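This report walks through one structure, from model confidence to the contact between chains and then to individual residues. Keep the sequence and the 3D view open as you read.

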Amino acid sequence: MVAEAKKNQEKIFEKHRKFCKVNEIVEKYKYEKQNLIAILQEVQTEYRYLPEEIMTYIATMMDISPAAVYGVATFYSQFSLDPKGKYEIKVCDGTACHVRGSMPVYNAIREKVGLQEGKFTTDDLQFTVETVRCLGACALAPVVVINGKVYSKMTADAVKIIVDELLKRSENDN
Amino acid sequence: MTEMVKADIKKELEKAAQYVKNTGMRVLVCSGTGCVANGAFDIYDQFLKHDTDVMFKKEKKVSSIKTGCRGFCEQGVFVAVPDLDLVYVKVKPEDVPEIIEKTLQNGEIIERLLYEDPVTGQKIQKENDINFYKNQTKAALANCGNIDPESIDEYVATGGYEALDHVIKNYTPEQVCKEVEDSGLRGRGGGGFPTGKKWNFVRINEADQKYVICNADEGDPGAFMDCGIMEGDPHKLLEGMAIAAYGTGSDFGYIYVRAEYPLAVKRLRIAIEEATKRGFLGESIFGSDFSFKIKIKEGAGAFVCGEETALIASIEGDRGMPMPKPPFPANEGLFGKPTLINNVETFANVALIIKKGADWFKGFGTETSKGTKTFALTGEVNNTGLIEVPLGTKLKEIVYDIGGGIRNNKKFKAVQIGGPSGGCLTEEHLDLPLDYESLKSVGAMVGSGGLVVMNEDTCIVEVARFFLQFTQNESCGKCIPCREGTKQMLHILEKVVAGKAELKDIETLTELAEVVRLGSLCGLGKTAPNPVLSTLKYFKDEYMAHIAENRCPAGVCEAFKLIKINPDKCIGCTKCAKVCPVNAIDGKVKEKHVINQEKCIKCGACLTSCPVNAITEGN
Ligand SMILES: Cc1cc2nc3c(=O)[nH]c(=O)nc-3n(C[C@H](O)[C@H](O)[C@H](O)COP(=O)(O)O)c2cc1C
Ligand code: FES
């Protein structure tokens, strides 16, 4: 019995060590439920997505149900439950971008990085290609954001050149 | 605890004026999101590198200043030198040395960087001679593009925080609410509810705690006015919120900013910190017993969180689901306490109203819609950007005088106003004054103020489908009419653009629209059918063309596209047949080839393979 408890405790310790960064974040936000979104945002910046065990861990730490955490994580489009690629390519599909042709740009990128239908991240975890909501640069539509850098007035041809550059870079990295 | 500071606005103003004077010749580099995308920060750095050189050589002080959006994003990056009454457009980092040498040191104008009027071809030096600016009236946006949003002194030098000082010292909260009510200011977040009235509801509620919330969720795609204000003049928003807090008896505020605006968040944070240091926010403001603190909450990407009850749920850390009203937030809002929620632009008008008076504000606009309104002008117009005009300005003036007409000499087709909740305006509305009532009467709404201009090449049915997909995606799923109704409506619209709809589908669509409109819980569902109803009303024949004639008049919808081989040109080289991934092209060597339309997937591979351009794509 004692051995059992000890084993359990060891397990918890190990989790603690693994989730050290998470501890820091949750502590910084004082375990407050109203800060759950901010906590998940910081955790996602750290891990590039929200791993399930971490969500459960956060729930335990904050003394709320895992369902509540999962509920918030799935409600907001910013959160991802799947790992994201090293290069996150976001194509704005707001109204202004849409009427100026964001879809051909989006399709061109998908084709270039070789994404199959229904997939948003390449198998080698290099690229994630998604449409996103309006980015507030509508006057320069269509807009593409790659790892935070904004590219304006995109066309299918222009974006192909940019993606080619990234493909080269990611090959060199490997 | 932060140290308590007793601010004295007169001294602050003197200090700030001196600060601005010391900047010497000001070189304003537009650094809104749009211009940053075009390399504004590089340009700023280039200037920064050279500033000191200029100073030494000419003993003339030059300061480059990062400002918020100047509005004319299409022509970015904008560099303005007010001392020389000069603006340069489309500036690139490599132009900077020349600007410094010629313009800043010797006062020479660089023709190449001047704005060229697209009609007359004339080069224009002064901003106010450019049509885009000439026809605007700036109030809420007056400082945007002229001051450094990251410096509180620059704001104070424009008379900033005087209004707050004034109300704290001279007005009772009741008088504040009355002044705002008298001005006729109405909510700029979409609903158009009289702002002063709303403040008063909160004021008369007795409670141990009240909150002021700024709705900066700006979810309408194609709108970026609030973004412009937050990036360009964040203190104006803070001052407006503080006045509202004083008027309603609150001491704590939240700004709920959408996640897609990192630059706005950064500048707001700096502004809050600086204002707190100066004693314009925090404990005992201006030495009075009025305290007000502001906290920023970042959204996480959910359009419905712009709805006030959903926004409150989101601040509390929950899923952003709307609640039935009543209770209204003014009675039972954040954490169950009386809460005032206003839009960014609404707050941005407040300090001006206090300073210049309700009568000044009433001098703009129409009978029921007072003041000026910002709009984001985007889509197929020549001049896209952020604009401000008196409410009641005619659509024609915006599209043609400010917007410079339709790009590439195409024909005007429609303007979508108010985003996914709004409707479209057509040629017959060009003379319509843009104000709350007129727009409502034609089935559209001011909404947030996104104006997306469309030309003859835009398929209106596809646009309706686009909006419905948006609302369907963003529906929180709580009530059935919205969750399921929008799904069915979307399904029908998808059938229309795919050429698979029947006439009776339109009937079903209209019926569904009514159910969704009447049965939904919140504004998202209630207004979701608007884009469909309004396009059905003004462009029925375009729907009909898709359904009955099997064609898309704008030539957009893939399903109706036909790829054909011109038999007169085909030389029978077989190249097209070889590249076709689905073997849809028949023909023998040296014989005319034909595309089997049943098999063709319209990938377009054959188009580029043909050496004699015999293959064309059309309707
Ligand atoms: C689906 C939906 C989305 C909304 N989005 C916004 C928004 O992005 N910004 C905003 O200020 N108001 C938005 N509103 C309106 C708010 O609910 C609320 O009326 C407004 O913030 C009140 O401020 P005002 O009186 O200053 O306009 C939205 C409403 C609905 C129903
Ligand atoms: S619609 Fe794309 S940035 Fe606004």
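Chain B has a mean pLDDT of 93, and 97% of its residues reach 70 or more. Here pLDDT is the predictor's confidence in each residue, from 0 to 100. The model scores ipTM 0.87 and pTM 0.91. This is a predicted model: local features need pLDDT of at least 70, side-chain atom pairs count only at pLDDT 80 or more, and totals for chains, interfaces and linings use all residues. Residues are numbered from 1 along each chain as its sequence is written, chains are lettered from A and ligands numbered from 1 in the order in which they are written, and side-chain values use heavy atoms, with hydrogens and water left out.

**Where chain A meets chain B**

Chain A and chain B bury about 3300 Å² between them, 53% of it on carbon and sulfur atoms. Buried area is the accessible area (1.4 Å probe) that two parts lose on being put together, summed over both. Chain A gives 32 residues to the contact and chain B gives 53 residues. Contact means heavy atoms within 4.5 Å.

Between chain A and chain B there are 18 residue pairs in polar contact, both residues at pLDDT 80 or more. A polar contact is a pair of N or O atoms within 3.5 Å; within protein, one must be able to donate a hydrogen and the other to accept it, and residues adjacent in sequence count only if both atoms are side-chain atoms. On the side of chain A that touches chain B, the elements giving two or more residues are helix H3 (36-47), helix H5 (66-75) and helix H6 (95-99) of chain A. Helices (H or I, at least four residues) and strands (E, at least two) are DSSP runs, numbered from the N terminus. By class, this side of chain A has 15 nonpolar, 12 polar and 5 charged residues. Ala, Val, Leu, Ile, Met, Phe, Trp, Tyr, Cys and Pro count as nonpolar, Asp, Glu, Lys and Arg as charged, and the others, Gly among them, as polar.

**Salt bridges**

A salt bridge is a side-chain nitrogen of Lys or Arg within 4 Å of a carboxyl oxygen of Asp or Glu. The whole structure holds 47 salt bridges over all chains. The count between chain A and chain B is 5.

| Pair | N to O distance |
|---|---|
| B:Glu260 and A:Arg133 | 3.2 Å |
| B:Glu127 and B:Arg70 | 2.8 Å |
| B:Lys355 and B:Glu162 | 3.0 Å |
| B:Lys293 and B:Glu283 | 3.3 Å |

Take the salt bridge between B:Glu127 and B:Arg70, at 2.8 Å. This pair links distant parts of the chain, 57 residues apart: B:Glu127 is in the loop between strand S6 (123-124) and helix H5 (131-134) of chain B, and B:Arg70 is in the loop between strand S2 (62-67) and strand S3 (79-81) of chain B. Buried means under 20% relative accessible area, exposed over 50%, partly exposed in between (1.4 Å probe, protein chains only).

Now the salt bridge of B:Lys355 with B:Glu162, at 3.0 Å. B:Lys355 is in helix H14 (residues 344-356) and B:Glu162 in helix H7 (residues 162-170) of chain B, 193 residues apart. B:Lys355 is partly exposed at 42%, and B:Glu162 is partly exposed at 27%.

B:Lys293 bridges to B:Glu283, with the closest N and O atoms 3.3 Å apart. B:Lys293 lies in strand S9 (residues 293-298) of chain B and B:Glu283 in the loop between helix H12 (262-278) and S9, so the pair ties together parts that are 10 residues apart in sequence. B:Lys293 is partly exposed at 38%, and B:Glu283 is partly exposed at 30%. Elsewhere, salt bridges that share partners join A:Arg133, B:Arg258, B:Glu260 and B:Glu474 into one network.

B:Cys30 is in strand S1 (residues 25-30) of chain B. B:Cys30 is buried, with a relative accessible area of 2%. Its C-alpha atom is separated by 6.3 Å from that of B:Arg70, 40 residues apart along the chain. Leaving aside neighbours within four places in sequence, the contacts of B:Cys30 include B:Cys35, B:Cys69, B:Arg70 and B:Phe78.

B:Arg465 is in helix H18 (residues 460-474) of chain B. B:Arg465 is buried, at 12% relative accessibility. Beyond four places in sequence, B:Arg465 is in contact with A:His98, B:Leu490, B:Leu493, B:Glu494 and B:Val497.
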